Amino acid sequence: MYAVIKTGGKQYRVEPNDVIKIERLDGEAGSDITFDEVLMLGDGEASTVGVPMVVGASVMGQVLEQARSRKIVVFKKKRRKNYRRKAGHRQDLTVVRITDIVAADGKRASAAATAAKAQAEAKPAADTTETAAGDGDAS
């Protein structure tokens, strides 16, 4: 299950266990945060698009850290006028791990369920790579 949330004037497509960097929100590392502005929910083939928000849906996350982005240089110049201005800017960021997506009908997609599903999908893939590696050694 995935969701499209709106925060800080931007939209983010998130799934459980995703780590996203968003514009600064209040909260210490380890605290929980809820995003109520859910624009869309999707689960495989079915999707729910809000008008403008999906009523009753929310996305939960955990604040990992408060950070700052890399510095950008803002340089202004007017030619032949000896006008030069140089400034820098670093945006404050909050790093968040998405823990849970709750749909309006109460259906949940948690990080634990997503991790178990990913392990189940990875196990058959590992079996095929071992077979392929064995065939390569024999020739």
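Predicted model: local features only at pLDDT ≥ 70, side-chain atom pairs only at ≥ 80, totals over all residues.
1. Let's start in a hairpin. Leucine 41 has threonine 48, in strand E6, as its bridge partner.

2. How many bridges join E5 and E6, and in what sense do the strands pair? The count is four, and the pairing is antiparallel. Two residues sit between the strands of this hairpin, and glycine 44 takes a positive phi near 70° there.

3. Now zoom out to the sheet. E5 and E6 belong to an open sheet of four strands, ordered E2-E1-E5-E6, with antiparallel pairing. Which strands are at the edges? They are strand E2 (10-14) and E6, each of which pairs on one side only. If you ignore direction, neighbouring strands in this sheet are turned by 15° against each other on average.

4. Strand E5 (38-43) and strand E6 (46-49) are the elements that give two or more residues to its lining. If you want to find the spot on screen, select some of the lining residues, including Met1, Val54, Ala103, Asp105 and Lys107. Leu41, Gly42, Ser47 and Thr48, which you met above, are also among the lining residues.

5. What kinds of residues make up that lining? By class, six are nonpolar, three are polar and three are charged. Asp43 and Ala46 are also among the residues that line the pocket. As for how such spaces are found, rolling a probe the size of a water molecule over the atoms shows where empty space is left.

6. On to the charged pairs. The model has four salt bridges by the rule used here. One of them joins lysine 10 and glutamate 23, whose closest N and O atoms are 2.4 Å apart.

7. Another salt bridge is formed by aspartate 92 and arginine 68, with 3.2 Å between the closest N and O atoms. Aspartate 92 lies in strand E10 (residues 92-102) and arginine 68 in strand E7 (residues 58-68), so this pair ties together parts that are 24 residues apart in sequence. Are these two side chains sitting in buried or exposed places? Aspartate 92 is partly exposed, at 33% relative accessible area, and arginine 68 is partly exposed at 47%.

8. Arginine 24 and aspartate 26 make a salt bridge as well, with their side chains meeting at 3.8 Å, N to O. Arginine 24 counts as partly exposed at 44% relative accessibility, whereas aspartate 26 counts as exposed at 71%.

9. Next, a few backbone spots to check. Where does the model have a cis peptide bond? Look at the step from valine 51 to proline 52, where omega is near -10°. Proline 52 lies in the loop between E6 and E7.

10. Asparagine 17 has a positive phi of about 80°, although it is not a glycine. You'll find asparagine 17 in the loop between E2 and E3. Asparagine 17 is partly exposed, with a relative accessible area of 39%.

11. Asparagine 82 is another residue other than glycine with a positive phi, near 55°. Asparagine 82 sits in the loop between strand E8 (72-78) and strand E9 (83-89). At 62% relative accessibility, asparagine 82 counts as exposed.

Key: Residues numbered from 1 in each chain as written. Heavy atoms only, no water. 1 Å grid on protein atoms, 1.4 Å probe; cavity = no way out; pocket = protein on both sides within 12 Å on 5 of 7 lines; lining within 4 Å. Nonpolar A, V, L, I, M, F, W, Y, C, P; charged D, E, K, R; others polar. Pairing = 2+ DSSP bridges. Axes fitted to C-alpha atoms, helices over the stretch in contact; angles between N-to-C directions. Buried < 20%, exposed > 50% of the residue type's maximum accessible area, 1.4 Å probe, protein only.
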